[in-house]
Amino acid sequence: MTVYVMLTLDLNGHVSTESRDKFYGVLMANHFHRRKLTTTWSATFVEDFSRYDADQFLKKMLAHASAVSGVRNYEFGYMLSDASMKEGSNSPTTLLGLASYR
């Protein structure tokens with residue numbers, strides 16, 4: 001079963017660039033990709049990953065990122081789905097002012 005994960009993450013308080021890079025490094029090492037929306041990450045789990053497995057993995061990964069980076073104050077929201085995340089924009093360069101979606 002394929003499980004798609006959408007994660008939004010805020011590192012609260014003053015977080016040094018080094019700590020932020022370490023925290024984000026753990027996410028990237030675990031196949032999370034930072035989206036164009038600055039606090040949003042996503043990942044795709046395949047091959048025998050259930051939603052429960054993805055849920056447990058995500059929580060453990062965030063705890064590990066916290067330990068590695070020293071960032072103790074953070075908030076997150078996530079969603080596990082069988083559909084991938086969709087992105088869009090409504091920028092001045094979008095044709096006729098209509099939002100574009102991927």
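These questions and answers walk through one predicted model.

Colleague: How are residues numbered, and which pLDDT do local features need?
Modeller: Residues are numbered from 1 along each chain as its sequence is written, and side-chain values use heavy atoms, with hydrogens and water left out. In this predicted model, totals for chains, interfaces and linings use all residues, side-chain atom pairs count only at pLDDT 80 or more, and local features need pLDDT of at least 70.

Colleague: In what order do the elements of the chain run from the N terminus?
Modeller: Helices (H or I, at least four residues) and strands (E, at least two) are DSSP runs, numbered from the N terminus. The chain has two helices and six strands. Their order is β-α-β-β-α-β-β-β.

Colleague: What percentage of the 102 residues in the chain is buried?
Modeller: Buried means under 20% relative accessible area, exposed means over 50%, and partly exposed lies in between (1.4 Å probe, protein chains only). By that rule, the buried part of the 102 residues is 29%.

Colleague: How many salt bridges does a search of the whole structure find?
Modeller: A salt bridge needs a side-chain nitrogen of Lys or Arg within 4 Å of a carboxyl oxygen of Asp or Glu. Lys22 pairs with Glu18 in this way. Lys59 pairs with Asp55. The search of the whole structure gives two.

Colleague: How far apart are the closest N and O atoms of Lys22 and Glu18?
Modeller: Both residues sit in helix 1 (residues 17–29), four residues apart, so about one helical turn separates them. Lys22 is partly exposed at 38%, while Glu18 is exposed at 52%. Their closest N and O atoms are 3.3 Å apart.

Colleague: Are helix 1 and helix 2 roughly parallel or roughly antiparallel?
Modeller: Axes are lines fitted to C-alpha atoms, for helices over the stretch in contact, and angles run from 0 to 180 degrees between N-to-C directions. Angles under 35 degrees count as roughly parallel, over 145 as roughly antiparallel, 65 to 115 as roughly perpendicular and the rest as oblique. The two axes come within 8 Å and cross at roughly 150°. Helix 1 and helix 2 are therefore roughly antiparallel.

Colleague: How many nonpolar residues does the contact of helix 1 with helix 2 have?
Modeller: Contact means heavy atoms within 4.5 Å. Helix 1 brings Ser19, Lys22, Phe23, Val26 and Leu27, and residues it meets in helix 2 include Met61, Leu62 and Ala65. Ala, Val, Leu, Ile, Met, Phe, Trp, Tyr, Cys and Pro count as nonpolar, Asp, Glu, Lys and Arg as charged, and the others, Gly among them, as polar. Next to four polar and one charged, the nonpolar count is seven.

Colleague: Is Ser66 buried or exposed?
Modeller: Ser66 is found in helix 2. Leaving aside neighbours within four places in sequence, Ser66 is in contact with Phe23, Val71, Arg72 and Tyr74. With a relative accessible area of 8%, Ser66 is buried.

Colleague: How far apart in space are Ser84 and Val5?
Modeller: Ser84 lies in the loop between strand 4 (74–81) and strand 5 (88–89). Ser84 is partly exposed at 33%. Ser84 and Val5 are 79 residues apart in sequence, but their C-alpha separation in space is 7.8 Å.
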